[in-house]
Amino acid sequence: MKPYTTEQGIVAPLDRSNVDTDLIIPKQFLKSIKRTGFGDNLFDELRYLDEGFLGQDINKRPKNPDFVLNQARYAGATILLARKNFGCGSSREHAPWALEEYGFRTVIAPSFADIFYNNCFKNGMLPVVLSESDVDDLFNECFANIGYQLTVDLENQKVISPSGKEYSFEVDAFRKHCLLNGLDDIGLTLQHADDIKAFEEKAKADRPWVFKELTA
C-alpha cells in the first residue's frame, strides 16, 4: 500500500449529502473481489446519461456534462469534497476501491458512515472529518476558484487552503501510523514474518503428523 504523508491536489466538490455506496459504485459492477476495474464506473449513474452495465466501452457512453467529474476544471482531482454522511448504505469495500482507482486519495466531509470510514483506511485513503461550517468554506472557495487545490498534511493533521488557512482534523493514532507507513492488514502481518516462520517450524517439529503430505 502506498504511504500517505502529505497530499496536494485539485479538489472536486460533490455537493450532496447522504451519498451511499450504491451511488459510489452501483451493484451491477460488483462482479470481482480484485481491487481494480472499478474506477471507470465510479458514480456511474451521475457520470453517464445511459444505463450502465458490466462490459461497456465507457468511451462510447454519453457523459453528463453537469456532473462535476466531467467538467474540465476538476480534471485530475485527487481530493473529493463532500457533504455529511458520505459512504452510507451497504458495506461494500468496492466503494473505496473505485474512489482510489479513479485517483482520489482523500475525502473531506462533515461525517462518514462508519463502515465506509474504516474501509478507507484499510485501502490507503484518508477520510477527513471537518465541521459543516469549515466544509461550507471549502465548497465556496472551490466553486469560486478554477484549479482550486488543497494540501492535506497527515503528519500534522491539517488541511491547508491556498490562502494558508489551516483546518485541523482528528485521526486515530494507529490508523495514522498505518497510512504514514503504507501498512494495510497484510503489511501489518508481514511485519511479524520471522515470528510466524518460527512458530510454523516449531509446530512442524512438535506435530509432524499435521504437516505430513497425503499419499495415494
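This is a predicted model: local features need pLDDT of at least 70, side-chain atom pairs count only at pLDDT 80 or more; totals for chains, interfaces and linings use all residues.
Leaving aside neighbours within four places in sequence, Phe43 is in contact with Leu14, Val19, Leu23, Ile24, Phe67, Leu69, Leu80, Phe86 and Leu99. Where does Phe43 belong? Phe43 is part of the largest nonpolar core, which has 57 residues. Phe43, Phe86 and Leu99 are the residues with the most contacts inside that core. Phe86 and Leu99 are also on the contact list of Phe43.

Leu23 is found in helix H1. Is Leu23 buried or exposed? Its relative accessible area is 13%, so Leu23 is buried. The cut-off for buried is under 20%. Beyond its neighbours within four places in sequence, Leu23 is in contact with Arg16, Phe43, Asp44, Glu45 and Leu46. Leu183 is another matter. Leu23 and Leu183 are 160 residues apart in sequence, and their C-alpha atoms are 28 Å apart in space.

What covers them? Just after H3 comes Gly103, with a positive phi of about 135°.

H4 has its own buried set: Phe116, Tyr117, Asn119, Cys120 and Phe121. Those residues pack against H1, H3, strand E4 (126-129) and helix H6 (173-180). Gly124 follows H4 and has a positive phi, near 80°.

Asn18 is one, with a phi of about 55°. Gln157 is another, also with a phi of about 55°. Where do they sit? Asn18 lies in the loop between strand E1 (6-13) and H1. Gln157 is found in the loop between E5 and strand E6 (158-160). How covered are they? Asn18 has 44% relative accessibility, so it counts as partly exposed. Gln157 has a relative accessible area of 16%, so it is buried.

**Around Asp153**

Asp153 is in strand E5, residues 149-153. Its relative accessibility is 13%, so Asp153 counts as buried. Which residue does its side chain meet in a polar contact? The partner is the side chain of Asn156, at 2.7 Å. Leaving aside neighbours within four places in sequence, Asp153 is in contact with Thr5, Thr6, Lys158 and Phe169. Ser168 is 15 residues away from Asp153 along the chain, and the two C-alpha atoms are separated by 9.5 Å.

**Around Asn70**

Asn70 is found in the loop between helix H2 (44-47) and E2. With a relative accessible area of 22%, Asn70 is partly exposed. Not counting residues up to four places away in sequence, Asn70 touches Arg47, Lys63 and Asn64. How does Asn70 meet Asn64? A polar atom of the Asn70 side chain lies 2.8 Å from the backbone oxygen of Asn64. Ala113 is 43 residues from Asn70 in sequence and 26 Å from it in space, C-alpha to C-alpha.

| Residue | Relative accessible area | Class |
|---|---|---|
| Leu23 | 13% | buried |
| Asp153 | 13% | buried |
| Gln157 | 16% | buried |
| Asn70 | 22% | partly exposed |
| Asn18 | 44% | partly exposed |

**The whole protein**

Now step back. The protein has nine helices and seven strands. Its C-alpha trace spans about 70 × 45 × 25 Å along the principal axes. Buried residues make up 44% of its 216 residues. How many of the contacts join residues 24 or more positions apart? Such pairs account for 65% of the contacts with a separation of 6 or more.

The accessible surface comes to about 11,900 Å². Carbon and sulfur atoms hold 50% of that surface. As for charge, the protein has 25 positive and 33 negative side chains. The centres of the two sets lie 4 Å apart.

Conventions:
Residues are numbered from 1 along each chain as its sequence is written. Side-chain values use heavy atoms; hydrogens and water are left out. Helices (H or I, at least four residues) and strands (E, at least two) are DSSP runs, numbered from the N terminus. Buried means under 20% relative accessible area, exposed over 50%, partly exposed in between (1.4 Å probe, protein chains only). Contact means heavy atoms within 4.5 Å. A polar contact is a pair of N or O atoms within 3.5 Å; within protein, one must be able to donate a hydrogen and the other to accept it, and residues adjacent in sequence count only if both atoms are side-chain atoms. Accessible areas come from the Shrake-Rupley method with a 1.4 Å probe; for residues, only the protein chains shown count as cover. Lys and Arg count as positive and Asp and Glu as negative; His and the chain ends are not counted. The place of a charge is taken as NZ of Lys, CZ of Arg, CG of Asp or CD of Glu. A nonpolar core is a set of buried Ala, Val, Leu, Ile, Met, Phe, Trp, Tyr and Cys residues joined through side-chain atoms within 4.5 Å.
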